[in-house]
Amino acid sequence: MQTGGRIDGFDCAAGTGGTLVGVGRALKARHPAVRIALADPAGSALARYVETGERVAEGSSISEGIGSSQITAHFDGAPADRAWSIPDEESLPLVHDLLHREGYCVGGSSGVNLAGALRLARELGPGHTIVTVLCDGGMRYRAKLFNPGFLRGKGLPVPAWLDQAFPGDDAG
(Lines give C-alpha, C1' and ligand atoms only; values in the text may rest on other atoms or scores of the structure.)
Protein backbone atom coordinates (compact mmCIF):
# COMPACT_ATOMS: atom_id res chain seq x y z
CA MET A 1 0.00 0.00 0.00
CA GLN A 2 1.40 3.39 -1.01
CA THR A 3 0.45 5.05 2.27
CA GLY A 4 1.98 2.43 4.51
CA GLY A 5 -1.49 1.68 5.83
CA ARG A 6 -2.05 5.23 7.06
CA ILE A 7 -5.08 7.07 5.73
CA ASP A 8 -6.56 10.03 7.57
CA GLY A 9 -9.04 11.01 4.90
CA PHE A 10 -10.65 9.72 1.73
CA ASP A 11 -12.46 11.87 -0.78
CA CYS A 12 -14.25 11.14 -4.04
CA ALA A 13 -17.20 12.12 -6.18
CA ALA A 14 -20.27 9.93 -6.54
CA GLY A 15 -22.56 8.86 -9.33
CA THR A 16 -24.46 5.96 -7.81
CA GLY A 17 -22.22 6.18 -4.75
CA GLY A 18 -20.54 2.78 -5.05
CA THR A 19 -16.96 3.94 -4.59
CA LEU A 20 -17.72 6.45 -1.85
CA VAL A 21 -19.94 4.06 0.10
CA GLY A 22 -17.79 0.94 -0.39
CA VAL A 23 -14.42 2.52 0.32
CA GLY A 24 -15.86 4.69 3.09
CA ARG A 25 -17.40 1.75 4.93
CA ALA A 26 -14.25 -0.37 4.58
CA LEU A 27 -12.02 2.43 5.87
CA LYS A 28 -14.35 3.29 8.76
CA ALA A 29 -14.49 -0.39 9.77
CA ARG A 30 -10.70 -0.43 10.11
CA HIS A 31 -10.20 3.07 11.46
CA PRO A 32 -13.37 4.84 12.70
CA ALA A 33 -11.65 8.23 12.92
CA VAL A 34 -10.88 8.38 9.19
CA ARG A 35 -12.68 11.31 7.52
CA ILE A 36 -14.75 10.48 4.45
CA ALA A 37 -15.65 13.35 2.14
CA LEU A 38 -17.82 13.73 -0.93
CA ALA A 39 -16.63 16.00 -3.72
CA ASP A 40 -19.69 16.85 -5.77
CA PRO A 41 -19.81 18.84 -9.02
CA ALA A 42 -21.82 22.04 -8.91
CA GLY A 43 -25.37 21.33 -10.05
CA SER A 44 -25.66 18.09 -8.12
CA ALA A 45 -27.77 17.71 -5.00
CA LEU A 46 -25.59 15.14 -3.23
CA ALA A 47 -23.30 17.53 -1.31
CA ARG A 48 -26.20 19.55 0.03
CA TYR A 49 -27.97 16.32 1.00
CA VAL A 50 -24.94 15.07 2.97
CA GLU A 51 -24.45 18.42 4.71
CA THR A 52 -28.06 19.40 5.48
CA GLY A 53 -30.38 16.54 4.53
CA GLU A 54 -31.98 18.74 1.85
CA ARG A 55 -32.03 17.61 -1.77
CA VAL A 56 -31.31 20.86 -3.60
CA ALA A 57 -29.20 21.22 -6.75
CA GLU A 58 -27.45 24.54 -7.34
CA GLY A 59 -25.24 25.63 -10.22
CA SER A 60 -24.02 23.60 -13.17
CA SER A 61 -20.97 21.66 -14.28
CA ILE A 62 -19.45 20.26 -17.45
CA SER A 63 -18.37 17.15 -15.50
CA GLU A 64 -20.06 13.98 -16.72
CA GLY A 65 -20.96 10.76 -14.94
CA ILE A 66 -20.91 12.13 -11.40
CA GLY A 67 -23.35 14.03 -9.27
CA SER A 68 -27.09 13.57 -9.16
CA SER A 69 -30.32 15.16 -8.10
CA GLN A 70 -31.58 11.73 -7.00
CA ILE A 71 -30.60 10.02 -3.78
CA THR A 72 -30.32 6.31 -4.53
CA ALA A 73 -30.97 3.70 -1.87
CA HIS A 74 -27.33 2.73 -2.27
CA PHE A 75 -26.11 6.27 -1.57
CA ASP A 76 -28.51 7.01 1.28
CA GLY A 77 -26.58 6.47 4.49
CA ALA A 78 -23.18 6.98 2.85
CA PRO A 79 -20.50 7.29 5.56
CA ALA A 80 -19.56 10.83 4.47
CA ASP A 81 -18.43 13.17 7.24
CA ARG A 82 -18.13 16.14 4.91
CA ALA A 83 -19.25 17.21 1.44
CA TRP A 84 -18.41 20.02 -0.93
CA SER A 85 -19.93 21.36 -4.11
CA ILE A 86 -16.97 21.88 -6.45
CA PRO A 87 -17.31 24.44 -9.25
CA ASP A 88 -15.68 23.82 -12.64
CA GLU A 89 -13.55 26.93 -12.08
CA GLU A 90 -11.85 25.05 -9.23
CA SER A 91 -11.57 21.56 -10.72
CA LEU A 92 -10.60 22.34 -14.33
CA PRO A 93 -7.29 24.06 -13.49
CA LEU A 94 -6.32 20.90 -11.59
CA VAL A 95 -7.10 18.75 -14.64
CA HIS A 96 -5.06 21.07 -16.85
CA ASP A 97 -2.15 21.26 -14.38
CA LEU A 98 -1.96 17.47 -14.10
CA LEU A 99 -1.60 17.19 -17.88
CA HIS A 100 0.78 20.11 -18.33
CA ARG A 101 3.05 19.50 -15.33
CA GLU A 102 2.82 15.74 -14.72
CA GLY A 103 1.67 14.23 -18.02
CA TYR A 104 -1.50 12.72 -16.54
CA CYS A 105 -4.48 13.16 -18.84
CA VAL A 106 -7.49 12.84 -16.53
CA GLY A 107 -11.13 13.76 -16.86
CA GLY A 108 -13.47 16.05 -15.00
CA SER A 109 -14.38 13.51 -12.32
CA SER A 110 -10.72 13.25 -11.36
CA GLY A 111 -10.51 17.06 -11.20
CA VAL A 112 -13.49 17.18 -8.85
CA ASN A 113 -11.88 14.45 -6.72
CA LEU A 114 -8.60 16.37 -6.55
CA ALA A 115 -10.33 19.60 -5.59
CA GLY A 116 -12.16 17.78 -2.80
CA ALA A 117 -8.96 16.10 -1.61
CA LEU A 118 -7.24 19.49 -1.45
CA ARG A 119 -10.12 20.92 0.58
CA LEU A 120 -9.99 17.95 2.95
CA ALA A 121 -6.21 18.33 3.30
CA ARG A 122 -6.61 22.01 4.19
CA GLU A 123 -9.32 21.14 6.71
CA LEU A 124 -7.29 18.37 8.41
CA GLY A 125 -4.02 20.30 8.26
CA PRO A 126 -0.38 19.31 7.74
CA GLY A 127 0.82 15.79 8.42
CA HIS A 128 -2.35 14.00 7.34
CA THR A 129 -2.59 11.46 4.54
CA ILE A 130 -5.47 12.07 2.15
CA VAL A 131 -6.43 9.58 -0.57
CA THR A 132 -8.58 10.05 -3.67
CA VAL A 133 -8.94 8.34 -7.03
CA LEU A 134 -8.03 9.47 -10.53
CA CYS A 135 -10.99 7.65 -11.99
CA ASP A 136 -11.30 8.78 -15.59
CA GLY A 137 -9.12 9.46 -18.59
CA GLY A 138 -9.24 12.89 -20.19
CA MET A 139 -9.12 11.80 -23.84
CA ARG A 140 -12.74 10.77 -23.62
CA TYR A 141 -13.66 14.40 -22.84
CA ARG A 142 -11.15 16.22 -25.03
CA ALA A 143 -13.83 18.11 -26.98
CA LYS A 144 -14.79 19.84 -23.73
CA LEU A 145 -11.91 19.80 -21.25
CA PHE A 146 -9.16 20.60 -23.74
CA ASN A 147 -11.05 22.77 -26.21
CA PRO A 148 -10.30 26.47 -25.63
CA GLY A 149 -13.34 27.59 -27.64
CA PHE A 150 -15.71 25.39 -25.65
CA LEU A 151 -14.20 26.48 -22.33
CA ARG A 152 -14.37 30.18 -23.24
CA GLY A 153 -17.98 29.71 -24.39
CA LYS A 154 -18.81 28.45 -20.90
CA GLY A 155 -16.87 31.26 -19.21
CA LEU A 156 -14.30 28.77 -17.87
CA PRO A 157 -10.56 29.31 -17.47
CA VAL A 158 -8.25 28.41 -20.36
CA PRO A 159 -4.59 27.89 -19.47
CA ALA A 160 -2.12 29.75 -21.68
CA TRP A 161 -0.36 26.55 -22.77
CA LEU A 162 -3.67 25.11 -24.04
CA ASP A 163 -4.51 28.32 -25.88
CA GLN A 164 -1.06 28.23 -27.53
CA ALA A 165 -1.47 24.57 -28.50
CA PHE A 166 -4.79 25.28 -30.24
CA PRO A 167 -4.64 28.93 -31.39
CA GLY A 168 -7.84 30.26 -32.90
CA ASP A 169 -9.86 27.24 -31.78
CA ASP A 170 -13.29 28.73 -31.38
CA ALA A 171 -15.21 25.48 -31.74
CA GLY A 172 -17.71 24.93 -29.00
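Two strands are said to pair if DSSP finds at least two bridges between them. Helices (H or I, at least four residues) and strands (E, at least two) are DSSP runs, numbered from the N terminus. The structure discussed here is a predicted model, in which local features need pLDDT of at least 70, side-chain atom pairs count only at pLDDT 80 or more, and totals for chains, interfaces and linings use all residues. Residues are numbered from 1 along each chain as its sequence is written, and side-chain values use heavy atoms, with hydrogens and water left out.

The description may begin with the sheet. Strands of a sheet pair through backbone hydrogen bonds, either parallel or antiparallel. In this model, four strands form an open sheet in the order 3-2-1-4, and their pairing is parallel. Strand 3 (82-86) and strand 4 (130-131) stand at the edges with a single partner strand each, so one side of each has no neighbour in the sheet.

Strand 1 (residues 9-12) is joined to strand 4 by two bridges, and these strands run parallel. Within this pairing, Phe 10 has Val 131 of strand 4 as its bridge partner. Four bridges join strand 1 to strand 2, again in parallel. Here Gly 9 stands opposite Arg 35, and Asp 11 has Ala 37 as its bridge partner.

In a regular strand the side chains alternate between the two faces of the sheet. In strand 1, Gly 9 and Asp 11 point one way while Phe 10 and Cys 12 point the other way, and all are buried. A residue is called buried under 20% relative accessible area, exposed over 50%, and partly exposed in between (1.4 Å probe, protein chains only). Strand 2 is largely enclosed by the rest of the structure, because six of its seven residues are buried.

Which strands does helix 1 touch? Helix 1 (residues 18-30) packs on the sheet and touches strand 1 and strand 2 (35-41), where contact means heavy atoms within 4.5 Å. The direction of helix 1 makes about 170 degrees with that of strand 2. For such angles, axes are lines fitted to C-alpha atoms, for helices over the stretch in contact, and the values run from 0 to 180 degrees between N-to-C directions.

The interior comes next. In soluble globular proteins, nonpolar side chains tend to be buried together. A nonpolar core is a set of buried Ala, Val, Leu, Ile, Met, Phe, Trp, Tyr and Cys residues joined through side-chain atoms within 4.5 Å. The largest such core has 15 residues, of which Leu 20, Leu 27, Ile 36, Leu 38 and Phe 75 touch the most other members. At least two residues of this core come from each of strand 1, helix 1, strand 2 and helix 2 (46-52). Helix 1 gives the most, with three residues. Leu 27 touches Ile 7, Phe 10, Val 34 and Ile 36, not counting residues up to four places away in sequence. A second, separate core has twelve residues, including Leu 145, Phe 150, Leu 156 and Leu 162.

Helix 4 has 17 residues and reaches 24 Å from its first C-alpha to its last, close to the expected 24 Å; the expected span is 1.5 Å times one less than the number of residues. Its buried residues include Gly 108, Val 112, Ala 115 and Leu 120. The buried residues of helix 4 pack against strand 1, strand 2, strand 3, helix 3, strand 4 and helix 5 (142-145). Just after helix 4, Gly 125 takes a positive phi of about 90 degrees.

Glu 90 lies in helix 3 and counts as partly exposed, because its relative accessibility is 23%. Glu 90 touches Ala 115, Arg 119 and Arg 122, not counting residues up to four places away in sequence. Tyr 104 is also partly exposed, at 48% relative accessibility.

The cysteines remain to be considered. The structure holds zero disulfides, a disulfide being a pair of cysteine sulfur atoms within 2.5 Å. Cys 105 is in no disulfide either, and the nearest cysteine sulfur, that of Cys 135, is 13 Å away.
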